[in-house]
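Hello,

Here is the structure I promised to pass on to you.

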Amino acid sequence: MKQSSLLWNYGIASPTIVAAIVGVGVSAIATEVDSLQTTAPLAIPANLDNETSDPISQIAQIPDSSGDSSDEIWEQINYYSNETNALDQVTNVSQLRDVSPGDWAYEALRSLVERYGCIAGYPDGTYRGNRAMTRYEFAAGLNACLQQIERLIAGTDGVGEGDLETLQRLIQEFEAELATLGARVDNLEGRVAFLEDNQFSTTTKLSGEVIFGLTGVAAGEDANGDDIDNVTIFGHRTRLELNTSFTGEDVLRTRLQAEGLGSLTQQTITPEGDLFFAGATDSDVVVDALLYDFPVGENTRVVLDANAGASDDFASTVNPFLDGDGGSGALSRFGTRHSIYYYLDGAGIGINHAFGDTLELSAGYLASEAADPGDDTGIFNGPYGALAQILFKPSDKLNIGLTYIHAYNRDTDTGSQLSNFRSFTEDLIGNAVPTSSNSYGVEVSWRLSDRFALGGWVGYTQTTTLSTLGGQIDRGDLDIWNWAVSLAFPDLGKEGSVAGILVGMEPKVTDSSVNIGGIDIEDEDTSLHIEAFYQYQLTDNIAITPGIIWLTAPDHDNDNEDIVIGAIRTTFSF
């Protein structure tokens, strides 16, 4: 007789027992797996960047000596656990709202509740009796039911002889499955023990990222008609990050960084087209980021930034496929995120609160010279940026951000020289003119399909000069605009890869009441930033990204010839 038909005959002979097994189903194995998970390291919150997989999932990478497929075993057990992680004991059949007296198994279920206490329901009050199950689930349920009946036999309540005979036949029928299930759980215990003995820390996860960058100006001329030096440079950005959790919900992040790839600004004259991962050239190791992220209640998170904080620590930049913090996505600073977000940098505090699934509020304050006790510095007297943002999420595929940023003595290091007015005046007359700015932005990310996403932003900044520096510069306002439209193609060619195209205008001074020596300060022409890249995910840990950046009128000046910048970024992550 085939096993399937034999099992069917047992079901007819004793629907009470079969229904019991379906009722308790996978709850037994869920309990066993849950108990094992409590010995694993604390998980770091999944919404943080540069995260590795959680420690329990790493068990699958440990050698399995059982001869079975480790991934398949873990996948099955984990699936059972997830499906039944919150089953509640039923004391009356009326508690199951999807079971009615007209159901064929109603009497069996009622008998199980009253006689055996062998039924578990879901938290929403359902039984889900039509749900299909595997033989492994059946074996797990059978094992749980046997344990319950053993307790009843040992107690004062009796068990019918017919039920005992049926159980005996079921034990013989599923003897192999029960033995296999026990061996697999034992194997899982051994693999967890191996992980505990060889883990880096019970509270800390170490991750890293290394970028090799090859870049240079392929073509271009300056305002005098001279060719820009075509110098190809090769360098790196290296990061080691320690994420420590004390409660499983918080994270203390310490990131060490060394930069060894210089900016192209000295060649291109303007910050336009600068690469996000470029910076210093000395390769000195510094503490690049130090923050503590912790929850307050169920829907609020607070981030304390002690060093090198940024807006994306607590607020979404609404650019998921292009904003990879330099390690993935767009190559340039401008393409990575809306320029107004760069007004925030340094130490301070950020708060994020979710109003359900469709609305999110972020607010934060960062001071770039918070640790300096000198004049016009510190957390309140020096340069700072303050952000308030509302993020609308009508669906999982559409995000809309409304952003306001107030900044003092801050530049974005994107766009024309004039749009970075404080730095411009320092280069021009040797002193930086104090400035105050108010920025308003709208950001959109819309995933139209699994393989195509549309994004973009538009921003307006009003910058006010706060000093004339001895009459050299008239006080006044500068109107600065920027915009961009992006197309992203996730999983193009290979899962994890992404191609992107971005067209936009980096920050440009469109109107100004400021003049220097009687000359109005304004960008008269318009330059487009056109960027294309393809990030090919070679392996889970290696990505190669060739890309090109075209500036049609550098520094928003038609007297400057087009500039084309080429780059190849290789990212190693671990």
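Phe212 has a relative accessibility of 37% and so counts as partly exposed; buried means under 20% relative accessible area, exposed over 50%, and partly exposed in between, using a 1.4 Å probe and protein chains only. Phe572 is also partly exposed, at 28%, while Phe234 reaches 57% and counts as exposed.

A word on the source: this is a predicted model, where local features need pLDDT of at least 70 and side-chain atom pairs count only at pLDDT 80 or more, while totals for chains, interfaces and linings use all residues. Residues are numbered from 1 along each chain as its sequence is written, and side-chain values use heavy atoms, leaving out hydrogens and water.

Now, which ring does Phe212 pair with in strand β20? Phe212 and Phe572 form an edge-to-face aromatic pair, with 5.4 Å between centres and 70° between planes. Rings of Phe, Tyr and Trp (its six-membered ring) pair if their centres lie within 6.5 Å; planes under 30 degrees apart count as stacked, over 60 as edge-to-face and the rest as tilted. This pair links distant parts of the chain, since Phe212 is in strand β3 and Phe572 in strand β20 (residues 563–573), 360 residues apart. Strands are DSSP runs of E, at least two residues, numbered from the N terminus.

In total, the structure holds 14 aromatic pairs. Among them, Phe212 and Phe234 are edge-to-face, 5.9 Å centre to centre with 65° between the planes.

Elsewhere, Tyr365, Phe380, Tyr384 and Tyr408 form one aromatic cluster.

Enjoy exploring!

Notes
Helices (H or I, at least four residues) and strands (E, at least two) are DSSP runs, numbered from the N terminus.
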